[in-house]
Amino acid sequence: MRNAKIARKTKETDIRMELELDGNGSSNIDTGIGFFDHMLTAFARHGNFDLTIEATGDLIVDEHHLIEDTAIVLGQALSEALGDKNGIARFGDARIPMDEALADVVLDLGGRTYLVMNAQFESPRVGEMNTQLVRHFFESLTDNSKMNLHITVTGYNDHHKIEALFKAFAYALRRAVKIEGEGIKSTKGVL
């Protein structure tokens with residue numbers, strides 16, 4: 001079983017998360033930020049990951065700390081669930097449309113952290129979520145999972161663009177974590 005159970009509590013947030021990489025896409029997510037819950041649910045469903053998140057935080061300030069810390073914990077859970085990464089495909093990519101929006105995601109789980117994100121959002125918010133935090137979510141996630149992630153999204157409806165992005169990320173990650181055999185896909189012999 002490739003899974004992780006992580007709890008992280010700070011003065012700003014309290015997050016409990018369970019991740020199963022070889023799941024069926026079921027989720028139970030409650031962050032108190034409706035649109036963010038919708039995106040994480042889409043991520044779990046389209047990645048076939050089982051994901052449970054119970055998160056509370058200082059939403060009276062704004063949603064920044066809760067989204068950032070959720071990404072940190074998700075990155076840590078992904079890293080823990082992958083273990084030594086023996087046999088994984090390592091690389092994944094996906095191109096997902098949603099109406100006029102088109103998201104391209106390419107990633108490498110080889111242990112080198114880097115984010116390249118080409119995305120412009122027209123609105124300051126979608127629901128209760130600040131669109132600036134989409135990039136920050138993926139920065140925090142890549143840093144804590146040691147992932148190299150390239151994202152491009154186009155379109156004009158921010159809801160569609162962000163949702164296409166989360167779905168493309170899910171499909172790309174699902175491909176990268178797939179077990180393809182034995183060994184580590186690296187000339188160094190480690191990831």
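Helices (H or I, at least four residues) and strands (E, at least two) are DSSP runs, numbered here from the N terminus. What follows concerns a predicted model, where local features need pLDDT of at least 70, side-chain atom pairs count only at pLDDT 80 or more, and totals for chains, interfaces and linings use all residues. Residues are numbered from 1 along each chain as its sequence is written, and side-chain values use heavy atoms, with hydrogens and water left out.

- Four strands make up an open sheet with mixed pairing, in the order 5-6-10-7; two strands pair if DSSP finds at least two bridges between them.
- Strand 5 (91-98) and strand 7 (114-118) sit at the edges with a single partner strand each, so one side of each has no neighbour in the sheet.
- On average, neighbouring strands here are turned by 5° against each other, direction ignored. Axes are lines fitted to C-alpha atoms, for helices over the stretch in contact, and angles run from 0 to 180 degrees between N-to-C directions.
- Strand 7 pairs with strand 10 (residues 148-154) in the parallel sense, over five bridges. In that pairing, Asn 118 has Thr 152 of strand 10 as its bridge partner.

**Helices on the sheet**

- Helix 3 (residues 132-145) packs on the sheet and touches strand 7 and strand 10, with contact meaning heavy atoms within 4.5 Å. The direction of helix 3 makes about 160° with that of strand 7.
- Helix 4 (residues 158-177) packs on the sheet too, touching strand 5, strand 6 (101-108), strand 7 and strand 10. The direction of helix 4 makes about 150° with that of strand 5.

**Helix 3 against helix 4**

- Two packed helices are described by the angle between their axes and the distance between the axes.
- For helix 3 and helix 4, the axes come within 12 Å and cross at roughly 15°. That makes the two helices roughly parallel (angles under 35 degrees count as roughly parallel, over 145 as roughly antiparallel, 65 to 115 as roughly perpendicular and the rest as oblique).
- The crossing is right-handed, a label used if the near helix is turned clockwise from the far one by less than a right angle, with anticlockwise giving left-handed.
- From helix 3, Val 134, Phe 137, Phe 138 and Leu 141 meet Ile 162, Leu 165, Phe 166 and Phe 169 of helix 4.

- Thr 131 lies in the loop between strand 9 (129-130) and helix 3. Its relative accessibility is 6%, so Thr 131 counts as buried (buried is under 20% relative accessible area, exposed over 50%, partly exposed in between, with a 1.4 Å probe and protein chains only).
- Leaving out residues up to four places away in sequence, Thr 131 touches Phe 121, Ser 123, Pro 124, Arg 125, Val 126 and Ile 162. The Thr 131 side chain reaches the backbone oxygen of Ser 123 at 2.7 Å.
- Gln 120 is in the loop between strand 7 and strand 8 (125-126), and at 60% relative accessibility Gln 120 counts as exposed.
- Not counting residues up to four places away in sequence, Gln 120 touches Asp 158 and Lys 161.

- Lys 85 isn't a glycine, yet has a positive phi of about 65°. Lys 85 is buried, at 9% relative accessible area.
- Arg 90, also in the loop between helix 2 and strand 5, is another non-glycine residue with positive phi, near 80°. Arg 90 counts as buried at 13% relative accessibility.

Note on methods. Polar contact = N/O pair within 3.5 Å; in protein donor to acceptor, adjacent residues only side chain to side chain.
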